[in-house]
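Hi,

Here is the structure I promised to pass on. Have a look at it first, and then read my notes on the side-chain contacts below.

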Amino acid sequence: MKENNYQTMRKNDADSQAWRINFIGEGSIDAGGPYRESITNMCDEMMSSFLPLFIPSQNNKNDHGQNRDCWTINPASTSPVHLEMYEFVGALMGFAFRSGSILDIKLSQFFYRGLTGEPLDIADLRAVDAYAVQAIKDLDNAKKQLGKELFNQTMTQTWVTRLSNGEEYELIEDGANKTVDYDSVT
């Protein structure tokens, strides 16, 4: 990020505004209300299908599990324009942290723990994708109940997963052609 890009967002008090807002035709005077409304509108737009940055989490899509209102980063949004948009979101979040402003961005603990470098665990995955956690538990239960030989004979699960945007992703090289075996389930 260039040093001068987001200088207006480097303010540290609750009365700070990163920009001035004038809603045309509304006769608004920006003493804080229109500014806060512009932030609310941005957050609403980020957590919608209008922008490609965030997509509903699996729990949101499936209406199942915790945090059904949460969104997650869209793994397909990697173009230079998308990266600039993410950079702006980061600057906006930084401004909000420093100034005490509230951003109604519905991202799960999975996002924030990853952002802060905290280790992720199965509870974090459950918070965004309860069905994925159930699939992991089912594999573990099958391993315990079937034993090695029967597990390896009956297993049809390959080393492929679906990303949050629906794209298939091989977890290991040639994963679509390799079946999960007894020794690889921990």
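Which residue forms a salt bridge with lysine 144? The partner is aspartate 140, and the closest N and O atoms are 3.1 Å apart. (By salt bridge I mean a side-chain nitrogen of Lys or Arg within 4 Å of a carboxyl oxygen of Asp or Glu.) Both residues sit in helix α6, four residues apart, about one turn of the helix. Aspartate 140 is partly exposed at 22% relative accessibility, while lysine 144 is exposed at 62%. (Buried is under 20% relative accessible area, exposed is over 50% and partly exposed is in between, with a 1.4 Å probe and protein chains only.)

Before you go further: this is a predicted model, in which local features need pLDDT of at least 70 and side-chain atom pairs count only at pLDDT 80 or more, whereas totals for chains, interfaces and linings use all residues. Residues are numbered from 1 along each chain as its sequence is written, and side-chain values use heavy atoms, with hydrogens and water left out.

The whole structure has seven salt bridges. Salt bridges with shared partners join Arg113, Glu118 and Asp124 into one network. Arginine 113 meets glutamate 118 at 3.6 Å, N to O, and aspartate 124 at 3.0 Å, N to O. Arginine 113 belongs to helix α4 (residues 109–116) and aspartate 124 to helix α5 (residues 122–128), so their bridge ties together parts 11 residues apart in sequence. (Helices are DSSP runs of H or I, at least four residues; strands are runs of E, at least two; both are numbered from the N terminus.) Aspartate 124 is buried, at 2% relative accessible area, but arginine 113 is partly exposed at 23%, and so is glutamate 118 at 40%.

Now the rings. A search of the whole structure gives three aromatic pairs. (Rings of Phe, Tyr and Trp, the last by its six-membered ring, pair if their centres lie within 6.5 Å; planes under 30 degrees apart are stacked, over 60 edge-to-face, the rest tilted.) One of them is phenylalanine 54 with tyrosine 86, edge-to-face at 6.0 Å centre to centre and 85° between the planes. This pair links strand β1 (residues 54–56) to helix α3 (residues 80–99), and both residues are buried.

Phenylalanine 151 and tyrosine 182 are also edge-to-face, with centres 5.9 Å apart and planes at 80°. Phenylalanine 151 is buried, at 0% relative accessibility. The charged end of lysine 143 sits over the ring of tyrosine 182, 4.8 Å from its centre (NZ of Lys or CZ of Arg within 6 Å of the ring centre and within 35 degrees of the ring normal).

Cheers
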